[in-house]
Amino acid sequence: MFKNYVLTAWRHMASNPLFSFINIFGLAVGLTSCILILLFVRGELSHDKQLVDADRIVRLHSAYISSDNPPFRTVRAAGRMMEALRDYASEQVAAGVRLLQIGPTVIVGDKVFNETFVFADQSFFEVFDLPFAHGSSESSFNNPLDLLVSEEIAVKYFGRTDVVGELLTVCCMDGQQLEVKITGVLENLPATSHLDIDFLVVMQPSMFDFAPNLLNTWTSVNTYTYFKLKQGFSAADFKERVWYWTDHESPFTQMDMVEGNPTEQIQPNVMAVTDLYLNARRDAGNMGDFKALGDLRMVYAFSGVALLILIVASINFMNLSTARASQRAREVALRKVLGASRRQVALQFLGEAVTITFFALLLALVVVEMTLPLYNEAIDRELVFSLASELPLLALLVCVAIGVGLLSGSYPAVYLSRFLPARILKSNQSGDESGSQRIRAALVVFQFAISIGLGICTAVIYSQTLYARSMDVGYDVSNKLVLHGLSSSEVSNKKQVIVDQLIRIPGVESVVLSSEVPSQDNENNTGFRLLDIQDDGAANDDIILNYYNAGYGFFESYKINIVAGRGFDKAYGSDEVIPVAEGSETAGRANIVINESAARQLGFSSSQQAVGKVLRADVFRAGLQHLTIIGVAEDVYFRSLKFGIRASVFFNHPATLREATITYNTTDLPGLLDQIETTWKAIFPLTPISHEFVADMVNAQYQEEEQQAELFAAFSLLAVIIACLGLYGLASFTAEQRTREIGIRKVLGARVEDIVRLLVWQFSRPVLVANLIAWPTAWYLVSGWLESFEYRIGSSEILMQCVIAGTLSLLIAWITVASRAIKVARANPIEALRYE
Amino acid sequence: MLKLHNLSKVYRTDEVETVALNNVNIEIEAGEFVAIMGPSGCGKSTLLNVIGMLDSPSSGEYIFRDESVGQYSESRLGDIRKRSIGFIFQSFNLIDELSVEENIELALLYHDIPVKERNARVAAVMDKVGIAHRAKHMPSQLSGGQQQRVAVARAVVGKQSLILADEPTGNLDSAHGQEVMSMLQQLNEEGTTIVMVTHSPSHSDYARRIINLLDGHVLTENLRAVG
Ligand SMILES: Nc1ncnc2c1ncn2[C@@H]1O[C@H](COP(=O)(O)OP(=O)(O)O)[C@@H](O)[C@H]1O
Ligand SMILES: [Mg+2]
């Protein structure tokens, strides 16, 4: 029986090449998209699942909520929290560990690289039972400065993985150059791990006594803090304990900065490691995580797209099969006369549908195999796909194929099997009823609604990206090269030396220093209090403002206008912040520039009014300072447009300047870079240079959105192609069905264009209706997406995209149908009328 | 009205070559009623199609109303056709999805005629062929005779001066056949030229002239007085 079905299916495919092509190709494209998206989704969902006891490992996040500022969130926690919570909630916590990232330079022989070290409490392996390539947690991670490296790093420096006992020179810890011995080698972490560990060092808290804001603090949030919970406790259980502690037992209850319950302002969050990748995005704020995070919305969006594409391809199948039913009505009738039951006929058609789907699946697997590297590059992932080793996946795909086959075949099967043989054989009619035509029209509507909707979403994503790019950030990005990492210990003492050398290079216009350069998303917050001229300030509250450090010439270099007062100027001599001695009673004095937003937030009615006023603040690494506002800078989008403009204060505190911006006026970039690198190497032989163009940094801010837009565009293009293929097929069959009518019309004087118009209009109606459905749906979806942007395109822009997508959909439908209709309309009418 | 001079039509399909018309010379005057007879496959329909400009001759000359239309483009032929020539088929060839009224109107749709006049003419012609009471019916609800009357109405609603009828009574019983024939006769008396293919000698009696075809040749032409 089955063989008979496969045989008839095969013969029908062979005898209807157009139909078969559209079906197999359409389904194959649909399945290919599905598999690719499935791989992506599977990858996104599998993050950190490989960790031992993954379900019991959690991380502590921090959030500071205040009424007059956006919340400050980070996935890190204050250094003292780990021990306090571990001991307080000991009934729940099995172990805890803090991780601290430090970026030194590593020297092995002639190899010098900037690296990231992770310093961890010795309890690290109690929480993360990571596999060793060489060594073990018992023998290799015991003493302060015991160093583990990943296999990748071992190979990078030594060309082999067995490197236990080898020495590395590290520069520098608290100004000291260290020789460190490798005590073990960790297996490389999979791409799906949120942890990013190249070097893992046993941390002794006293190592960081020189920087109390790292470990010995309740308020400075710099450590990644993990706990392993005891069996039976969840992240939610632990979070409840953490909140209780915060409100009742924590030192925050004693701090005068807090009124009411501490949790009104300090809101720790506890998240399971397996949730981090897709859910930590909000908690991560703008400081980020170890690695780039995923986006749950993308997972949903792409799963949805995969499903939609599959539906579009299935609809083709249904439509073409029922349309073709007229041709097969006689076959069905005859089979029934010969004794086939309705069930058998239905089974036959389902069998054919599943057979075709399997052909499509085979084709799709081949295409996936071929396109995966390209796809990986496009989405920046390392997805793997090998059927042999993935039987569950293969089984799933086969199920999907059968499912699609049954879904696509069910309607034709039910519909065709219903034909009453007597009526069809006697009346010699096609058996195609107006009811089924209406269902086909409805399916075409649905198909096009999906395509148009995807088109609108794509267009909106694109125009939002373009809009963000075209927005004037307010500062000058052209001809600027940034040197990073001037805070590294070899460099930090000789910053002025390198600046003086660089400025001598021909083609270099200026070299300015700052703590951040525009487009870097760091956030530095501290409280500022406005001092009335003679008053002690008791009347004013602290307000939290962001701050940056900018050296002389910074505003001029970036062409940021000073709208009142002046910028930092060496001529005045006293603009720099000079740290006061620890424990000093008297505050230091320094000058600051604020931006317009800060002036507003401080309550000044004009920028001019702010000039000359004094703020008081505890300045990072400089103690208590009285800060005179010497100027107000215009608001610029210093950070990514995603976050908007922050009210900011600019200090000129030389110790914190770690970025150098070189403005050049030459077109010989290779030559310039060469000279800069030579200059750098001569002064800092131990520190690799790290440079970047400001224009590239600004562009990088939109990279994620652009990638999303491109992917969306690719998939919606596929959906449109499949839908058009279906429409073409349907138009062909309809035209075929209407040949007699077309013949009559032509005999009566209809011209080719009359006939084409007739057919085109028949297919324009469903596309018009599809637009009616697609617009509001797409509108709803994209408005939700746009919400996440501080600066976004308006509704008139969305409407325009709708109109464009609608017009395009009609044009495409017209071209598709007309290309077929013209052929039919040109045919000699007597051909259609002769055989009767 | 029209003149065929040494006209031939050859069909080529794959390796087979069929001479459907072979050096045919025929002249038909305006107002004539001509019957074409002959065995099946002798080229009657082909002749009608060529006269109706639905098919082009392989060689020879076709003069329609003093114009040699042999080299005319398809759209130009279409123009002449829709203004001057009406068709009636053995199988009626009505459009199933359109009502009687709409089927008739279809013949005016491709002319530039205002809606009002169109409706008036459709109504008038329906009266004339006695189908007005079925105006809103679908073709499938009518008997064969009624369907053919609709087809006749459609053929003349554009005031065509030449009607080509290919076995118009072939699918009808004799009573309905008579009905259609008398309608054609009436049209002829009103001045319409009629060229009709038929197998029935009794129906060919309505014609003033009978052309007998055999294998694409004109075998005989009998002019006869109508009594
Ligand atoms: N389109 C065509 N292609 C090939 N042969 C044709 C075609 N139309 C008609 N013929 C052949 O031409 C001859 C005349 O056909 P036709 O005019 O239909 O005959 P009649 O109407 O007298 O029965 C027949 O042999 C027929 O098979
Ligand atoms: Mg014939």
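In this predicted model, the side chains of B:Glu179 and B:Arg149 meet in a salt bridge, with 2.9 Å from N to O. B:Glu179 belongs to helix H6 (residues 174-189) of chain B and B:Arg149 to helix H5, so the pair ties together parts that are 30 residues apart in sequence. The two partners are covered to different extents under the cut-offs used here, because buried means under 20% relative accessible area and exposed means over 50%, with partly exposed in between. B:Arg149 has a relative accessibility of 13% and therefore counts as buried, whereas B:Glu179, at 30%, counts as partly exposed.

Helix H5, in which B:Arg149 is found, spans residues 144-156 of chain B. Leaving aside residues up to four places away in sequence, B:Arg149 touches B:Val129, B:Gly130, B:Glu179 and B:Met183. With B:Val129 there is a polar approach: a polar atom of the B:Arg149 side chain lies 3.2 Å from the backbone oxygen of B:Val129.

**Salt bridges**

Side chains of opposite charge can pair when their charged atoms come close. Over all chains, the structure holds 33 salt bridges. Four of these pairs are set out below.

| Salt bridge | Closest N and O atoms |
|---|---|
| B:Glu101 and B:Lys136 | 2.9 Å |
| A:Arg98 and A:Asp121 | 3.0 Å |
| B:Asp96 and A:Arg740 | 3.6 Å |

In the salt bridge between A:Arg98 and A:Asp121, A:Arg98 lies in strand E4 (residues 93-102) of chain A and A:Asp121 in the loop between strand E7 (117-120) and helix H4 (124-127), so parts that are 23 residues apart in sequence are tied together. A:Arg98 is buried, at 4% relative accessibility, and A:Asp121 is buried as well, at 8%.

In the salt bridge between B:Glu101 and B:Lys136, B:Glu101 lies in helix H3 (residues 100-109) of chain B and B:Lys136 in the loop between helix H4 (115-129) and H5, so the pair ties together parts that are 35 residues apart in sequence. B:Glu101 is partly exposed, with a relative accessible area of 26%, while B:Lys136 is exposed, at 64%.

**The interface of chain A and chain B**

How many residues of each chain are in contact across the interface? There are 15 residues of chain A in contact with 20 residues of chain B. The area buried between the two chains is about 1700 Å², and carbon and sulfur atoms give 55% of that area. A:Val747, A:Leu748 and A:Ile830 supply 33% of the area that chain A buries against chain B, more than any other three residues.

On the side of chain A that touches chain B, helix H24 (739-747) and helix H27 (829-834) each supply at least two residues. The largest share of that side, 6 residues, comes from H24 of chain A.

**A nonpolar surface patch and a loop residue**

A:Met800, A:Ile804, A:Leu808, A:Leu811, A:Ile812, A:Trp814 and A:Ile815 form a nonpolar patch on the surface, and together have about 620 Å² of accessible area. One member, A:Ile812, sits in helix H26 (residues 795-826) of chain A and is partly exposed, with a relative accessible area of 30%.

Elsewhere in chain A, A:Arg418 occupies the loop between helix H13 (391-417) and helix H14 (421-427). A:Arg418 is partly exposed, at 41% relative accessible area. The C-alpha atoms of A:Arg418 and A:Val345 are separated by 8.9 Å, although the two residues are 73 residues apart along the chain.

Terms used: Residues numbered from 1 in each chain as written. Chains lettered and ligands numbered in written order. Predicted model: local features only at pLDDT ≥ 70, side-chain atom pairs only at ≥ 80, totals over all residues. Heavy atoms only, no water. Patch = residues over 30% accessible without salt bridge, like charges linked within 9 Å, V, L, I, M, F, W, Y side chains within 5 Å. Areas by Shrake-Rupley, 256 points an atom, 1.4 Å probe, with all protein chains shown as cover. Salt bridge = Lys/Arg side-chain N within 4 Å of Asp/Glu carboxyl O. Helix = DSSP H or I, 4+ residues; strand = E, 2+ residues; numbered from the N terminus. Buried < 20%, exposed > 50% of the residue type's maximum accessible area, 1.4 Å probe, protein only. Polar contact = N/O pair within 3.5 Å; in protein donor to acceptor, adjacent residues only side chain to side chain. Contact = heavy atoms within 4.5 Å. Buried area = accessible area lost by both parts, 1.4 Å probe.
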